[in-house]
Every structure is written in C-alpha cells, then in structure tokens.
Amino acid sequence: MSRVCCVGIAVADVVVKPIRVIPEPGKLELIDSVTMHTGGCAVNVAIDLAQLGVNATICSLVGEDAFGDFLVSKLKEVGVRVEGIKTQSKVATSSSIVLSQENGERSFLHNIGANGIFGKSDIDWDTIKESDIIFVAGSLLMTKFDGQETVEFLKKVKSMNKTTLLDTAWDSTGAWFEKIEGCLQYVDYFMPSYEEAVMLSGFKKLEDIVDLFKSKGSKNVIIKCGSDGCYANCNNKVFEYPIFKVDVVDTNGAGDSFVAGFITGLCEDMSIEESLEFALAVGSFCVRSVGASTGIEHKTKVKQFIANYR
C-alpha cells in the first residue's frame, strides 16, 4: 500500500462546548465541557489515515511544551510515524480555542505559534522520499512556508514522481490567491473548502472557481461543500455528491476527514467516484463525535457503512 506524508500545520485544539452565548466583559456563562484534542490539518489527516488503516507519516514543527508532547504522543498512539516532526524551544506549539455551538458549527481563536516559522528547512527529506503521496495541509496558515517555499517544495516533490495534494485554511491576512497561484502547477489534487475557494478565486459559481484553478495548472480540483457534499472536476469529468445524512455532533475536522478518505481511495486504487463517496462517508464518521479525529474508524467499517446506507 502507498505511504502518505502529511506536511504542514500541527495544532492542539481546546474544544469548548456548547457555546450558547459569548458572555459580556466581567460576566460568566456555563458550558458542558472543555476537552483537548489533536488538531491542525496535517495532524488530523495523518491520524485519520492511520485509523483508517493507511500507512501515514508527518512533517511538521511543534514547540518543546506540553501541547507539543500531547500531539506527538497522540500521533504515536495511533501508529503515525513521527520522525518528520521537528521541535523548537523558542516558540510555542500552535493552539486553538474551538468554540463549538449546539448545532455543531464552530469558530476558532488561534495562536499560530510554531506553524508560523515552519519552513522548507524543517522538511525531513528522508520521510518524503519514502512516501508515495504528499499532502500539503493548512496552506495560508504557515507564514514562512506559504508562497514561494511551498512552490519550491512541490516542484521538487513532483520531480520525485510523487502524487501531490494541497489543501488550504482561512487566510486572516487577506492575501489569498497570491500565496497559492504558483503552487497549482505542481498539484495533482487541489482540495479547498467552498468558502476558501470563493475567497481564493473571487467567484461564487463552482464551475468558474474550478476553471480558474485548472487554468493555473491544477490537474484536478475537488471542492468541499460542507452540508452540500462535494463538487469535483477530475480527469476532465464533473462529479457532484451529497453528504451521508447522520446526526451531527461536531463538525470540527470534517474537511480533513474528507481529505483522508479521498487519499485512502487513492491508496486503494479506487475510482474517482468511489474515492469521493468514501471521502464523504469518512466525513460522516467524523461529525458524529466531538473532536477532529475521535469518530474515525477502520476503512472496513466505512465500507460497510456505505454498503448499508445504499
């Protein structure tokens, strides 16, 4: 089976649930729980892949602190190889306060921390060489790595005949497409969310969004559309799929679980149609539990879920 390397952001998530109202200054509101979870696109997808039964590794940067120890411990616990994780004593591990509403939607308060200084010099190239699929996870949240460094990294990776995937995060700086444009010529599968794709492209129609990304070189484009499922243009064919309807508890990590599901499809030599369906099913496992990776189960259970759902 293919080995996958997830390159990018690692975040410790402190999930506060449920947020019914934000208290005014000096006042207090009660909540039901405060829990700590793994987070960040690279960590989430690596853990999801391992739980699905895929050989996963990671290249990332964390601080020498309790949050960093927590992330490395959790990755090891599920079988993700962590030789590619570097540590830095002069910066804190990236962390987020996740404000989860009763309907499962969430907002974030984010400290960029170590992700902001992660760069090409932190890449463990032995880990890259041993991998077949390279997923760059969390672009637009890596201040140093975003833009030209990512372009140079992906160019080198493609020269090594690797399959490449690229995902984005919300760009609070407002730069958006200028950080991504040069990367797309080296991307086999570009997989932003619809909201991010709108901000990147300036368009709202899915067809227009995809046309722009493909005109800049991305071989295939997959848009994660939340509760509307997904829209893809792969091998010059259009695919649209709805979600699997389940009881939603928490949407944190849903997009990352979709990516992990799609990558699993690639590793298993599924067709594009099967890979997209599998990705949506993995997403449905994610949203039924609190935490980005808590609900993910082995691929055999996902396949059984799909068979029973039909």
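Author: Helices are DSSP runs of H or I with at least four residues and strands are runs of E with at least two, both numbered from the N terminus. In these terms, L140 lies in the loop between β8 and α4 (148-159). The model is predicted, so that local features need pLDDT of at least 70 and side-chain atom pairs count only at pLDDT 80 or more, while totals for chains, interfaces and linings use all residues. Residues are numbered from 1 along each chain as its sequence is written, and side-chain values use heavy atoms, with hydrogens and water left out.

Reader: Why does L140 count as buried?

Author: Buried means under 20% relative accessible area, exposed over 50%, and partly exposed in between (1.4 Å probe, protein chains only). L140 has 4% relative accessibility and therefore counts as buried. The backbone of L140 also has a positive phi of about 90°, although L140 is not a glycine. Most residues other than glycine have a negative phi.

Reader: What makes N235 exposed?

Author: Its relative accessibility is 55%, and therefore N235 counts as exposed. N235 is found in the loop between β12 and β13. Phi of N235 is near 55°, again a positive value in a residue other than glycine.

Reader: Why does E105 count as partly exposed?

Author: E105 has 41% relative accessibility, and therefore falls in the class called partly exposed. The residue lies in the loop between β6 (95-100) and β7 (106-111). Leaving aside residues up to four places away in sequence, E105 touches L99, S100 and T251, where contact means heavy atoms within 4.5 Å.

Reader: How do you know that the end C-alpha atoms of helix α1 are at the distance they should span?

Author: The expected span of a helix is 1.5 Å times one less than its number of residues. For the twelve residues of α1 (residues 41-52) this gives 16 Å, and because the end C-alpha atoms are 16 Å apart, the two values agree. Eleven of the twelve residues of α1 are buried, among them C41, V43 and L52. G53 follows α1 and has a positive phi, near 105°.

Reader: Why is strand β4 described as largely enclosed?

Author: Eight of the nine residues of β4 (residues 55-63) are buried, so the rest of the structure largely encloses this strand. Two strands pair if DSSP finds at least two bridges between them. β4 pairs in the parallel sense with β1 (residues 3-8) over five bridges, and with β5 (residues 81-88), also in the parallel sense, over six bridges. In β5, R81 is the bridge partner of T57. From β4 the chain crosses through helix α2 (residues 66-78) to β5 in a right-handed β-α-β crossover; right-handed here means that, with the strands pointing away from the viewer, the path from the first strand over the helix to the second runs clockwise.

Reader: What makes β5 and β13 edge strands?

Author: The open sheet has nine strands in the order β5-β4-β1-β8-β9-β10-β11-β12-β13, with mixed pairing. β5 and β13 (237-241) each pair on one side only, as edge strands. Within this sheet, five bridges join β1 to β8 (residues 133-139) in parallel, and V136 in β8 is the bridge partner of V7.

Reader: Which are the edge strands of the sheet with four strands?

Author: That open sheet has the order β3-β2-β6-β7 and mixed pairing, and its edge strands are β3 and β7, each pairing on one side only. Parallel strands β2 and β6 are joined by five bridges, and D13 stands opposite S96 in β6. Between β2 (11-17) and β3 (33-39), a loop contains P18. A cis peptide bond joins K17 and P18, with omega about -10°, whereas most peptide bonds are trans.

Reader: At what angle do α8 and α9 pack?

Author: Axes are lines fitted to C-alpha atoms, for helices over the stretch in contact, and angles between N-to-C directions run from 0 to 180 degrees. On this basis, α8 (residues 254-267) and α9 (residues 272-287) pack at about 145°, with axes 7 Å apart. The residues in contact include A254, F258 and F262 of α8 and I272, L276 and V287 of α9.
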